[in-house]
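Subject: Structure for your review

Dear colleague,

Please find below the structure that I am handing over to you.

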Amino acid sequence: MENKKEVAAIENGTTIDHIPPRQLFKVAHLLELERIENSTVIIGNNFSSRKMVRKGMIKIDGRYFSENEMSRIALVAPDAVLNKIENYKVTRKYKVRDFLPDRISGLVRCNNPRCITNNEPMNTQFGVIDKETCLLRCCYCERKINHDDIIII
């Protein structure tokens, strides 16, 4: 007999799969999942994965995400895969990285303590230099920020 763990299926909604385990709760926070009241939300972490060794997963019944929400996920989990579920079947798969915009405003903090955005009340602005590695550049001080160093405001 095979020792198998299963997670409940959802009828209609979204599954976000292949989230790095250390980023799972950042994604949940970005999507404000704690505020969802009328939908089933399933959050699982450290599942076995052939692709990543370990992964996190979020399932939300009755909810689909906008491009803006997907671009926010891409900042912290660019390799995640978003699955649209209809009648218990995956009808569309999206690579979250594909929704990363060319410019990000007011969502990421600049890591340079001398940057004007850290010393004056103003929105941050970043250009996305490389979508594959999720490399950003501050439009004010020009500091480059790697994916692992991104701080979400």
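Two strands are taken to pair if DSSP finds at least two bridges between them. Helices (H or I, at least four residues) and strands (E, at least two) are DSSP runs, numbered from the N terminus. The model is a predicted one: local features need pLDDT of at least 70 and side-chain atom pairs count only at pLDDT 80 or more, whereas totals for chains, interfaces and linings use all residues. Residues are numbered from 1 along each chain as its sequence is written, and side-chain values use heavy atoms, with hydrogens and water left out.

Overall architecture

The chain holds 2 helices and 11 strands, arranged along the sequence as β-α-β-β-α-β-β-β-β-β-β-β-β. Its C-alpha trace spans about 60 × 30 × 25 Å along the principal axes. Of the 153 residues, 41% are buried, where buried means under 20% relative accessible area, exposed over 50%, and partly exposed in between (1.4 Å probe, protein chains only). Contact means heavy atoms within 4.5 Å; among contacts between residues at least 6 apart in sequence, 57% join residues at least 24 apart.

An open sheet of 5 strands has the order 2-3-1-4-5, with antiparallel pairing. Its edges are strand 2 (41-49) and strand 5, each of which pairs on one side only. From one strand to the next, the twist averages 20 degrees; the axes are lines fitted to C-alpha atoms (for helices over the stretch in contact), and angles run from 0 to 180 degrees between N-to-C directions. Strand 4 (residues 81-86) is joined to strand 5 by 6 bridges, the two running antiparallel, and Asn83 stands opposite Lys93 in strand 5.

A further open sheet has 4 strands in the order 6-8-9-10, also paired antiparallel. Strand 6 and strand 10 (144-145) each have a single partner strand, so one side of each has no neighbour in the sheet. Strand 6 and strand 8 run antiparallel and are joined by 3 bridges. Ser105 stands opposite Gln125 in strand 8.

The nonpolar core

A nonpolar core is a set of buried Ala, Val, Leu, Ile, Met, Phe, Trp, Tyr and Cys residues joined through side-chain atoms within 4.5 Å. The largest one has 34 residues, and those with the most contacts inside it are Ile16, Val27, Ile58, Leu75 and Ile104. Elements giving two or more residues to this core include strand 1 (13-19), helix 1 (24-30) and strand 3 (53-61); helix 2 gives the most, with 5 residues. Beyond four places in sequence, Val27 touches Ile16, Ile19, Ile58, Ile73, Val76 and Ala77.

Two individual residues

Lys55 lies in strand 3 and is buried, with a relative accessible area of 11%. Its side chain makes a polar contact with the side chain of Asp17 (3.0 Å). A polar contact is a pair of N or O atoms within 3.5 Å; within protein, one must be able to donate a hydrogen and the other to accept it, and residues adjacent in sequence count only if both atoms are side-chain atoms.

Pro101 belongs to the loop between strand 5 (89-95) and strand 6 (103-105). Pro101 is partly exposed, at a relative accessible area of 28%. Not counting residues up to four places away in sequence, Pro101 touches Ser71, Val128 and Lys131. Pro101 and Lys89 are 12 residues apart in sequence and 29 Å apart in space, C-alpha to C-alpha.

Yours sincerely
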